[in-house]
Structure formats: C-alpha cells, structure tokens
Amino acid sequence: MTFDSSMPPAALFDLDGVIIDTERQYTLFWDMIGRQYLHHPDFGKLIKGGTLVHIFEEFFSELKDKQNEISAALDDFEAKMEVPYINGFKDFFQSLKKAGWKTAVVTSSSAGKMKSVYKKIPEIQTMFDKILTAEMFSKSKPDPDPYMLGAEIFNLPRTNCLVFEDSVNGFKSAKSAGMKLVGLTTTNPENIVSRYADLIINDFYEISAEKALEILKN
C-alpha cells in the first residue's frame, strides 16, 4: 500500500520532546523517582513514551501505596515546569496547515496533564485538528494502538500518516503501525534514532512541508 494522493496527508506529533522541549525535565523527575523508590539510576530513559498507568502497572504494582504519592509529586512538577516549543516547530506547523495537512497530537500524557499545558500555551488546544491523550488508547506505546487511532480519526490509510517522535517507545509504536517516521534527537542520540527513523532531525528548522510530503510519497 502506498500514499493515496486523493486523500490529504496527516502529521501525527508526540508532545514532549517533539512539540515542547520538556523531555530533559521529565528525565530528571523520573530519574529521581527511580532512585527513590526502585534504586534505579536511569529510570527516566526506561519509561519514556509510556503512560502513567503503564508505568505504575509495570514498575510499581507492588508499591500501590506509593502511587498516589508519586502522582501528587508529578502533578506538582508539571504545574511548575517550563514548556517552550522545540526550535522551528511553529513555523513548520504553519507550513503544514497551509499545505492542507491534517494534524494531531498523539501523546501518552493524560488529559489532566494537558490542562496544565493549555494554561501555559493556550493555543495548543485549538491549533491541532485532534488531540489524543492516554485515556483514549487501549494500549500504550510501544504498542501501535495510539498511532493507529491517529489514522482512524481522520479516516486515512496509515501510508498517508507521518509520525514525529523522539522516544524509543514512540519509534516502535509508529513503525509497528506501519507509518513513516521523522525522529528527533531531542531525547536519544542519532545512532539510536537512526535504527527507526526515515528522517532524522535535531529540530524543525531541518524539515519543510515539501520534504515531509516527499517522505510519505517515497
């Protein structure tokens, strides 16, 4: 199956580390949680791309009494964190809209976390055609379900969808959904991103709407 030129293309964006430059902040938070509760010094990298429900189920199933404590700490952290755009994102996004692309956020973040983002960047709530959050997926990344849902909401074939991701779990989700992938080096080094991505970028100054469409068509 190839790109269907009779239908529009769609750009499916992860949030943290792709739209907003927050992954380094989250890594520090989850590394702290890993050290405090699991004696794991590199926990932040391990759980990237996973929903909070998935993190609790996989790593804190025997620490249920600590889950509310961790959730409260995360809520406090997110309320205080800075949420700058990744370099070049806004200009690139506007170029996609002018070219007729459908756009969606496909994030492992909860609806509650997104409310915090909207308070700091109100325009995000209305600039995308759709915003898909953790509660909408039957399974978390690296399962293909999040990105398959992204195609379904636009009634598009997966070959018309281009994913923008930064985490290994996100890369695996996109590729197992059968979609082309632009991988950002905001979280992982190029040698890791290159295992999955059809194009590697450091920020959105390195890609255009024309180049994005070329990836889907080739």
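**Core, rings and helix packing in a predicted model**

Pro142 is placed in the loop that runs between strand E3 (130–132) and helix H8 (145–153). Helices (H or I, at least four residues) and strands (E, at least two) are DSSP runs, numbered from the N terminus. The model is predicted: local features need pLDDT of at least 70 and side-chain atom pairs count only at pLDDT 80 or more, whereas totals for chains, interfaces and linings use all residues. Residues are numbered from 1 along each chain as its sequence is written, and side-chain values use heavy atoms, with hydrogens and water left out.

The peptide bond that joins Lys141 and Pro142 is cis, with omega about 20°. Asn169 belongs to helix H9 (residues 168–176). Its relative accessible area is 17%, and Asn169 is therefore buried; the term means under 20% relative accessible area, with exposed over 50% and partly exposed in between (1.4 Å probe, protein chains only).

Two further backbone features lie in loops. His39, in the loop between H1 and H2, has a positive phi of about 55° although it is not a glycine. Asn155, in the loop between H8 and strand E4 (161–165), likewise is not a glycine and has a positive phi of about 55°. His39 has 71% relative accessibility and so counts as exposed; Asn155, at 63%, also counts as exposed.

The interior comes next. A nonpolar core is a set of buried Ala, Val, Leu, Ile, Met, Phe, Trp, Tyr and Cys residues joined through side-chain atoms within 4.5 Å. The largest such core has 50 residues, and those with the most contacts inside it are Phe13, Ile19, Trp30, Ile124, Phe128, Phe164 and Phe204. Helix H1 (residues 23–38) gives the most to this core, with five residues. Apart from it lies another core, of 20 residues, including Ala104, Tyr147, Val163 and Phe171. Once neighbours within four places in sequence are set aside, Phe164 is in contact with Ala11, Leu12, Phe13, Asp14, Val18, Phe92, Tyr147, Val182, Phe204 and Ile207.

Rings of Phe, Tyr and Trp (its six-membered ring) pair if their centres lie within 6.5 Å; planes under 30 degrees apart count as stacked, over 60 as edge-to-face and the rest as tilted. By this rule there are 22 aromatic pairs. One of them is the tilted pair of Phe13 and Phe93, at 6.4 Å centre to centre with 55° between the planes. Because Phe13 lies in strand E1 (residues 10–13) and Phe93 in helix H5 (residues 89–98), the pair ties together parts that are 80 residues apart in sequence. Phe13 counts as buried because its relative accessibility is 0%, and Phe93 counts as buried at 1%.

A second pair is formed by Trp30 and Phe43: the ring centres are 6.2 Å apart and the planes stand at 65°, so the pair is edge-to-face. Trp30 is buried, with a relative accessible area of 5%, and Phe43 is buried at 0%. Not counting residues up to four places away in sequence, Phe43 touches Trp30, Asp31, Gly34, Leu38, Ile55, Phe59 and Phe60. Ring pairs link Trp30 and Phe43 into a cluster with Tyr26, Phe29, Tyr37, Phe56, Phe59, Phe60 and Phe77.

Two packed helices are described by the angle between their axes and the distance between the axes. Axes are lines fitted to C-alpha atoms, for helices over the stretch in contact, and angles run from 0 to 180 degrees between N-to-C directions. The axes of helix H4 (residues 64–80) and helix H6 (residues 111–120) come within 9 Å and cross at roughly 15°. H4 and H6 are therefore roughly parallel to each other; angles under 35 degrees count as roughly parallel, over 145 as roughly antiparallel, 65 to 115 as roughly perpendicular and the rest as oblique. Glu78, Ala79 and Lys80 of H4 and Lys113, Ser116 and Lys120 of H6 make the contact. In H6, the buried residues are Lys113, Met114, Ser116, Val117 and Tyr118, and these pack against H1, H4, helix H7 (124–127) and E3.

Terms used
Contact = heavy atoms within 4.5 Å.
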